[in-house]
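Visitor: I am new to this structure. Please show me how to read its features, one at a time.

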Amino acid sequence: MCPFCLFYRSRPEVAILDKLKIKLHYLLPKLWLTQLAGWFANKKAGAITQFAIKTFAKTYKVDMNEAKESQFHSYSTFNDFFIRALKENARPIVEGDEILALPADGAVSQLGLIQDDLILQAKGHHYTLEALLAGNFMLADLFRNGQFITTYLSPRDYHRVHMPCDGLLKEMIYVPGSLFSVNPLTAANVPNLFARNERIICVFETAFGPMVQILVGATIVGSIETVWSGMVTPPREGIIKRWSYPQADKSGAIFLKKGEEMGLFKLGSTVINLFPENSVQFNKDLISGSVTLMGEQLGSIINVSNNNNGNNDAISDNT
């Protein structure tokens with residue numbers, strides 16, 4: 001038996017405490033807390049802001065040596081500190097046109113095969129592609145029996161999200177939802193966590209077919225932004241929103257290279273990537289719990305698509 005399991009067996013009060021935390025999490029006014037946190041994080045409160053930044057950095061052991069601005073006084077708001085940029089070349093991007101890069105600093109929550117339309121959330125918990133993709137069954141069909149990776153960004157991590165490969169943006173979909181925390185405890189105990197939380201679905205055309213990168217919201221995540229549209233949420237209007245983008249040869253097309261920044265979280269959260277069946281192979285060293293650094297190898301392309309037009313039609317017909 002693993003040491004973690006032995007710890008829980010010898011400390012039953014810990015498991016009881018976790019159950020209490022989950023029950024309380026259902027009762028928390030998550031939207032109100034998130035709005036309050038977002039309000040404070042944007043305030044230039046001088047000494048109060050500096051105290052909050054220094055306390056946070058000490059509590060979570062944030063490594064400021066790799067930050068572009070390593071001095072706390074360089075940040076006038078907590079959000080400025082939280083979305084801090086890194087020094088140039090702090091995250092080298094793995095080379096090779098056929099090599100995929102990890103999109104974010106954090107840890108692998110789960111990864112592997114999509115079983116028909118089922119994605120593993122945690123032991124004993126699955127959710128469906130269609131639920132994750134807001135009922136878009138035609139988009140979901142493109143990823144049946146494909147592969148997924150879920151990356152959890154802890155409070156101490158770098159919170160900008162980058163591209164795992166070259167991609168032409170086809171569509172962005174905002175999906176309203178709950179604001180449950182997305183830490184390992186909630187992932188193991190809240191059913192359909194990622195399919196019920198607020199999220200932004202970004203659909204890209206790539207060399208191997210469609211690829212989806214999803215930014216999942218959570219409690220205290222004040223906002224989510226993309227580089228092409230700025231802040232997407234808030235406002236939180238309770239309706240699904242869709243934005244379509246032009247082909248590569250048209251004005252306004254958005255093409256991002258591997259390793260380029262595509263979005264960020266102002267506090268928290270999780271990134272989910274979806275890949276079509278038989279299109280990519282993940283790095284064999286990546287397992288649940290693996291620490292990730294943006295730019296290191298995620299895997300490799302094993303099947304370059306010869307049918308991008310067909311995939312584009314399937315995407316545009318239903319999104």
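Visitor: Where does UniProt place the feature "active site"?

Guide: The unreviewed UniProt entry puts it at D105, H162 and S269. UniProt positions follow the numbering used here, feature names are shortened, and annotations may be inferred rather than shown by experiment. The three span 165 residues in sequence, yet no two of their C-alpha atoms are more than 14.3 Å apart, so they gather at one spot.

Visitor: What should I know about the model itself?

Guide: It is predicted: local features need pLDDT of at least 70, side-chain atom pairs count only at pLDDT 80 or more, and totals for chains, interfaces and linings use all residues. Residues are numbered from 1 along each chain as its sequence is written, and side-chain values use heavy atoms, with hydrogens and water left out.

Visitor: Is D105 buried or exposed?

Guide: Buried means under 20% relative accessible area, exposed over 50%, partly exposed in between (1.4 Å probe, protein chains only). D105 is buried, at 3%. S269 is buried too, at 0%.

Visitor: Where is D105 found?

Guide: Strands are DSSP runs of E, at least two residues; helices are runs of H or I, at least four; both are numbered from the N terminus. D105 is in the loop between β1 (99-101) and β2. S269 is in the loop between β14 and β15.

Visitor: Which side chain does a polar contact join to D105?

Guide: A polar contact pairs N or O atoms within 3.5 Å; within protein, one must be able to donate a hydrogen and the other to accept it, and residues adjacent in sequence count only if both atoms are side-chain atoms. Here the side chains of D105 and R91 are joined at 2.7 Å.

Visitor: How do I read a pair of aromatic rings?

Guide: Use the distance of the centres and the angle of the planes. Rings of Phe, Tyr and Trp (its six-membered ring) pair if their centres lie within 6.5 Å; planes under 30 degrees apart are stacked, over 60 edge-to-face, the rest tilted. The whole structure has 12 aromatic pairs. One of them, F56 and F82, is edge-to-face: 5.9 Å between centres, 75 degrees between planes. F56 lies in helix α4 (residues 47-60) and F82 in helix α5 (residues 78-82), so the pair ties together parts 26 residues apart in sequence. Both F56 and F82 are buried.
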